[in-house]
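Dear colleague,

I am passing on the structure below, together with notes on what was found in it. Please read them with the coordinates open.

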Amino acid sequence: MRLSVIGAGYVGLTTAACFAQIGHDVFCSESDLDKLRKLQNGVMPIYEPHLQGIVTHARESGRLTFGETDQTVESGETIFICVGTPPLENGDADLSAIEGVARVIAKRARGYRLIVEKSTVPVQTGAQLRKHLAVHTTGKLDFDVASNPEFLKEGTSVEDFLHPDRIVIGADSPRAANLLQEIYQPIIDQTFACPIHSACPPRPQPRFLVTDTSSAEIIKHASNSFLAMKISYINMVADLCEATGADIGKVAEGIGLDPRIGPDFLRPGIGFGGFCFPKDLQAFVRIAEKFGCDFALLQEVARINQKRVSSFVEKIRKELWVLRGKKICVWGLAFKPNTDDVRFAPSLAVVRQLLAEGASVRAYDPQAMEKAQREVPELTCCRDLYEAARGADAIVLLTEWEEFRRVDWKRLAGLVERSLIVDGRNTLPREDVTGHGFQYVGIGGVSGAPELTRSLASI
Ligand code: UDX
């Protein structure tokens, strides 16, 4: 089928590349002309495992073409809108890019078009889109508007798209629902050449859930807000574990064994970040307020999350006493591992606070240093984790990259000024750390220190 994808961010690029991978002819547009030129020359604007390979393969086979919005709107019968919906000052989602695409569709598209909102949008955006198109196409376009929210995670976006748990469709016409089923059929049946696995691990067939547009829009916001709530919940419990000497690792394991709760998204740490959870939480609260619904629960989720950064810096201060003049090594700058994305990253908030308090920060991240340096110019970025640790009074882990679990502790011990690890993601093997003479301070009562230092720590 001939598909159009408007917007080449994480969602748009993954959607375009994966639809081409499963056999569709895809036209993908990007309004940032610099980014578009890069894509037309095969240069990826983001680091995302497997994506480069799929994009290159699809372009070479002619199934993926990057172009400008006008052309792209004319090319495919189904148009997936994947533009950004960043937060406005007041927390509302900024829908101006979506309206911009609607104007181009109204001006350029003829015949029939299925317009699919894939960007994360507040409830009733589909209805507004439908009204806008009806007004501005003056009957020259036969169209349907549908919702198809995306649940992919950065760092695993290709796998999440090709092997989803569910595909959610919000369609108010059988024609739209049937067309989307046809488009997704190879993923529903898992009958495509998988670019990740030679033999895909067995997993349940993805559910193809068809509902109305408003329900689909709410499913997206509600899912992200629920996951964010789970993280704030476990962070809240972590604080109690810390105060009572309990072990949050065991507590999370214990509650996660209940299938009604499940083990996922119960990792305590410095809080959630990224371009989705913080903004979707705010947008969901705002839209609920507009409809007279009190989402105080989610405001509390956001408040707990905001406090994670300052309470973590407090933890470092408790060990170092005075932060001014201290040399702090930071491992991890991306908002999570396997991505170069630093948007709304709690790690950068911690770094900014340490710098503001007069500490010097030498940092290392496998992928995100360039983008982090743009956000925090005073940051010193180092070629590897050892260089960053040279002369450090403390090593602070902020993103749980696998690489940090494979450290040569002996080599590290010879580089640091003080053998202190403050782990903001409870990701390092405590026994390894303390076994090599390092004091280990984690989240939620998870800490370990050679006997001597433990008595010191309680002062
Ligand atoms: C999220 C949703 O997971 C995805 O379904 C949606 O489509 C987009 O938003 P993403 O933002 O890529 O995906 O990241 P995710 O893996 O969900 O992590 C979000 C944040 O929560 C990160 O900062 C991560 O470090 C944090 N997190 C996650 C925790 O602190 N603890 C956890 O247990 C899980």
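A residue is taken to be near a molecule when one of its heavy atoms lies within 4 Å of it. The model is a predicted one, in which local features need pLDDT of at least 70 and side-chain atom pairs count only at pLDDT 80 or more, while totals for chains, interfaces and linings use all residues. Residues are numbered from 1 along each chain as its sequence is written, and side-chain values use heavy atoms, with hydrogens and water left out.

I begin with the ligand. There are 18 residues around the ligand, and those that come nearest are Phe 151, Leu 152, Glu 154, Lys 220 and Lys 336. By class, this shell holds 9 nonpolar, 2 polar and 7 charged residues, where Ala, Val, Leu, Ile, Met, Phe, Trp, Tyr, Cys and Pro count as nonpolar, Asp, Glu, Lys and Arg as charged, and the others, Gly among them, as polar. Helix α9 (residues 213–244) gives the most to the shell, with 3 residues; helices (H or I, at least four residues) and strands (E, at least two) are DSSP runs numbered from the N terminus.

As for polar contacts (pairs of N or O atoms within 3.5 Å), a polar backbone atom of Phe 151 is 2.7 Å from an oxygen atom of the ligand, and a backbone N or O atom of Glu 154 likewise lies 2.7 Å from a ligand oxygen. For Arg 267, the distance from a polar backbone atom to an oxygen atom of the ligand is 2.9 Å. Of the 670 Å² of accessible area that the ligand has on its own, the protein covers 96%, with areas from the Shrake-Rupley method and a 1.4 Å probe.

Turning to the chain as a whole, the secondary structure comes to 18 helices and 15 strands. The radius of gyration, taken over C-alpha atoms, is 24 Å, which agrees with the value near 23 Å that a compact globule of 459 residues would have, the globule rule being 2.2 Å times the number of residues to the power 0.38. Of the 459 residues, 53% count as buried, that is, under 20% relative accessible area (1.4 Å probe, protein chains only).

In α13 (residues 346–356), the buried residues include Pro 346, Leu 348, Val 351 and Leu 355, and what covers the buried residues of α13 includes α12 (296–320), β9 (327–331), β10 (360–364) and α14 (369–375). Just after α13, Gly 358 takes a positive phi of about 90°.

With best regards

Methods. A polar contact is a pair of N or O atoms within 3.5 Å; within protein, one must be able to donate a hydrogen and the other to accept it, and residues adjacent in sequence count only if both atoms are side-chain atoms. Buried means under 20% relative accessible area, exposed over 50%, partly exposed in between (1.4 Å probe, protein chains only). Contact means heavy atoms within 4.5 Å.
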